[in-house]
Amino acid sequence: MTISRRALLASGAALGLLTACGSNTGRDGGGSGGSGPKLAQWYHQYGEAGTEEAVKRYADAYDKADVSVQWRPGNYDEQTAAALLTKSGPDVFEVNGPTLDQIQGGQVLDLTDLFDGVKDDFNPVVLAPKTHEGRIWAVPQVVDMQLLYYRKSLLADAGRKPPATLEELVDTARELTTKKVKGLFLGNDGGAGALGGTPLYAAGLRLVTDDGKAGFDDPAAARALAHLRELYEDKSLLLGAPSDWSDPSAFVQGLTAMQWSGLWALPAVEKALGDDFGVAAFPAAAPGARPAVPVGAFGAAVSARTAHKRAAKDFVKWLWIDRTDYQRDFALSYGFHIPARLSLAKDPEKAAPLSKGPAADAVRFSTENGYAEPLRWTPASRVAYQDALSRIIKSGANPSSELRSVLRKVSAELARVKKKSA
Amino acid sequence: MNADTTRPRGSLWRRLAGPQNRTLWFWVFVGPFALGLIAFTYVPLGWSVYLSFFDAHNTVSPTDFVGFGNYTSMLRNDAFTDSLWTFVVFTAFIVPTTYLLSLSLALMVNRVRRAQAFFRSVFFLPAACSYVVAALIWKMSIFNGVRFGLANTVLGWFGADQTAWLSTTDPPWYWLVIVTVRLWLQAGFYMILFLAGLQRISPTLYEAAAVDGARPGWQVLRHITLPQLRATSVAVVLLLVINAFQAFDEFYNLLSDSRGYPPYARPPLVYLYYTALGQGQNLGLGSAGAVLLALIIAVVTIGQARWFGLGRKED
């Protein structure tokens, strides 16, 4: 008898171990409401209080499907990429993309038909990277942008105006640097990650041309990037701050006189500094070129592996196309984003917080100077370029030769995605 | 009650169960682990080798066979070869420093007459700390780049400028941060291994040496202690090298940011993580890199084991 009891215990424990793995598919729990098919919707973690409650409220209000919201902290891009390989991933998810490989690999559904009659109401700059060969693969939720914050008082003390050219930015940053305060904060990596292609656009170039070639095969590119090295060499850059560029802490704590950050930081900056700050686009990096600001949009996409294709698409259409009141609430009530719908963003009443002061300047930059990373600028190209930019800034590598090797890699990558779509 | 009387069993069952059910019990205890090993190690390993021969962007069931294409492009990729160099440099730093530090700690603790248990625990405690937590403390409070970071405050007393420890490539201060965090975390663990080795050395050897006129200190260390610690040393060095190969946590947590990872101090695992599991999701290329890395680790470990004569009979 003892033996059979032991056997029972041992096999029971083994079974328990096995069944303990893999039951949490994320299909239930979270907010729920309504009847009909069950849909799982994923968001990345927004920092602002109230956002999670808001998106759960929207999901509850939908009555044609039982939508459960999952709020996912951590490396969101990696999580969704892995989840899209399986059936237990989300049905509807927020994505900073989708990437070209996700579209070409058939991982997301074509959402073009949802845009019937409203396509012109979406900001064309952020709609472009969601479009591949005329089809649209995600509905832009909100527009985010990055820009330069500066302390008006510190600039006035030094007798300087907000920089209009990259040379001026270099000089101003050098002048504002003291023993305690650095001139400029472009991120703890010296700017390679946060700036990305912005200096190239500010030099009148682009990352990828419309016909799918690398758009920075030009001596102006190397000249623009060399100025970033000057900033580093002058020791004008703040490096190793406790929080990175996306957080305005370094700026509001007075560690730096100017900081590159996102529009999302504006309420925090305004609260801390009152009206002692201004915003600017990334200054022109070549004669005759215009300043540039990067804009981008998280979009709502539908996984191709969802069991309820029609229901998932209907939900996306309901929330991100029909319900403009929720879209307004999502963009402006918690964080600080520009609504993706032109009818909302341009309406002085509906988008009141965006109509005055630095926020109004920012909105103007986003329409006049905005660029979005093209869809064909794939992660592989981005890594090659960012590595080169980091070597130029920090190690003083020769910009021309670094860019030549980037061009080689980017051309190969562009040829690969072109072949795949053919 | 006897189990045999409650249930009639055929001779086949008897033979399978073995004498006194020994075979049965072997599988009851080993089976779950063997199953886990197959499901979570061997199957993914085989799958990874399979993927490495395909163009597998964003898929684990690829159809586009590319032969050795992924391997050649990985070997031609200077980012990958640089990451191997990063690993070599890191190993060259961390293995000797940890070896020396943990050996000296062990020698000192071993000589302490009072409160030996206290010192042993104090030096061992960091081993219980997570790499992620330690890396974040190193990054945010000790070695941050602003004037109120601990290291910069100390430098400030001497009038030195603030240094951005993790962002400076010339001189490469980031190595200081990376090596010290690992040193702090693992020295105590290897100290324990050395202590065990030291306590195994028979006191009669030291007495005999003293009678023969060996001066205490260097001479005894060189001719008695170190040769007696040979087995321990071999194990420690092997473990150190393997751990260095697996380095990921502290590198990733010290140097990565929301936009990726800088091109310096990027060990192979971090590079492959970004290639295969980052937004790129190039699982074919990443698998090829992982297979190459596994081959290198195998060759190095076998070479090391032969060189040290691991498994040979001690004389």
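User: Where in chain B is B:Pro171 found?
Analyst: This is a predicted model, in which local features need pLDDT of at least 70, side-chain atom pairs count only at pLDDT 80 or more, and totals for chains, interfaces and linings use all residues. Residues are numbered from 1 along each chain as its sequence is written, with chains lettered from A and ligands numbered from 1 in the order in which they are written. Helices (H or I, at least four residues) and strands (E, at least two) are DSSP runs, numbered from the N terminus. B:Pro171 sits in the loop between helix H8 (150–157) and helix H9 (174–200) of chain B.

User: What is omega for the cis peptide bond that joins B:Asp170 and B:Pro171?
Analyst: The bond between B:Asp170 and B:Pro171 is cis. Its omega is about -5°.

User: Is A:Lys235 buried, exposed or partly exposed?
Analyst: A residue is buried if 20 or more other C-beta atoms, placed from the backbone, lie within 10 Å of its own, exposed if 12 or fewer, and partly exposed in between. A:Lys235 has 16 C-beta neighbours inside 10 Å, so A:Lys235 counts as partly exposed.

User: Which loop holds B:Asn21?
Analyst: B:Asn21 is not a glycine, yet its phi is positive, near 60°. Its place is the loop between helix H2 (11–17) and H3 of chain B.

User: How many residues does chain A give to the contact with chain B?
Analyst: Two residues are in contact if their C-beta atoms, placed from the backbone, lie within 7 Å. Chain B gives 33 residues. From chain A come 38 residues.
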